[in-house]
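Thanks for coming, everyone. Please have a look at the structure on the screen, and I will then go through a few of its parts with you.

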Amino acid sequence: MADYPQLIADSFSGYGHYLLTEVLHPGRGNYYYWLVALSLGFWGLELLWPWRRDQGTFRQDFWLDGFYMFFNYFLFSLIVYNALSNVFVQLFKDGLGLVGIHNLVAVEIGGWPLWARLLTLFVVRDFIQWNVHRLLHRVGWLWAFHQVHHSVEEMGFAAHLRYHPVETVVYRLFEYLPLALIGFGLTDFFLVHLFTLTVGHFNHANLYAPLGPLKYVFNNPQTHLWHHAQELPRARRHGVNFALTLTLWDYLFRTAYVPNEQANLPLGFAGVEHYPATFAAQQLEPFAELTRASRPGPSAPP
Ligand SMILES: [Zn+2]
Ligand SMILES: [Zn+2]
């Protein structure tokens, strides 16, 4: 059995050291500076070629979403996630060890060429995430957390990373086992993370780039804006366009919906104008919402 208190302490100091090293040492393999560079790049494109021309240089919630970017990409890991996930993985391994399983890898793809490994990781992970995203819209308590992302009323690249950190935990829980079964190590993730970060910024950006036939494969601003539409036809009330990176799944499973490429859709959900506007209040709102929902009254996914 692992020494769990030591594991937690090591996780905090290890991640703190990693974050400090990232900030102090710019370089090509550095998430922190890639996030900064990609964000500045998309912001520049939005200012040069805006899809919605009436949107300001600093759109509504620009700074709030900027904070969310760094919080969700870096700080949350420092505060809790890294330790939590290391403990979970160790508990899981110890649990398996108790029943005599010492190697979880079911399909060994370590010998495959790098491009094949990365492509497999990317496609498998994206399909899991598409399914989790559908769950976030279908299950009442998950929707309470996912509402933070849908509280965006004016869309821009930084809205990509406005989400409640509980979402991170939910996504990673669903991803962990399938990815462990195909034997992925953390080092495999860098290029995939960078690519998905780029597409995520892109599909939230205030840019007109519908991609032509590639729209059936990759997410884009014209498709994702409808995911945030406040009003949808009744038959589609549980949501449309759940793609994170690949729209392929939405076209395959008939959840794609882009009736037109209207730039100015009302975004959010019924009552979004009353949703809390600050980071701290948005962190607490899902818990308040669930408390209210446990009493009689309306609180269902859209
Ligand atoms: Zn959503
Ligand atoms: Zn979104």
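Let me begin with His-150, which is buried at 2% relative accessibility, where buried means under 20% relative accessible area, exposed over 50% and partly exposed in between, with a 1.4 Å probe and protein chains only. This is a predicted model, in which local features need pLDDT of at least 70 and side-chain atom pairs count only at pLDDT 80 or more, while totals for chains, interfaces and linings use all residues. Residues are numbered from 1 along each chain as written, chains are lettered from A and ligands numbered from 1 in the order written, and side-chain values use heavy atoms, without hydrogens and water.

The zinc ion (ligand 1) is coordinated through NE2 by His-133, His-137, His-146, His-150 and His-227, at 2.0 to 2.2 Å; donors are N, O and S atoms within 2.8 Å of the metal (3.2 Å for Na, K and Ca), and sites may look incomplete because water is not among the atoms. Since His-150 lies in helix α5 (residues 140-150) and His-227 in helix α8 (residues 221-227), the pair ties together parts that are 77 residues apart in sequence; helices here are DSSP runs of H or I with at least four residues, numbered from the N terminus. His-227 is buried too, with a relative accessible area of 3%, and the zinc ion (ligand 2) is 6.0 Å from the zinc ion (ligand 1).

Turning to another part, Phe-88 has its place in helix α3 (residues 62-98) and is partly exposed, with a relative accessible area of 33%.

Definitions and conventions: Helix = DSSP H or I, 4+ residues; strand = E, 2+ residues; numbered from the N terminus.
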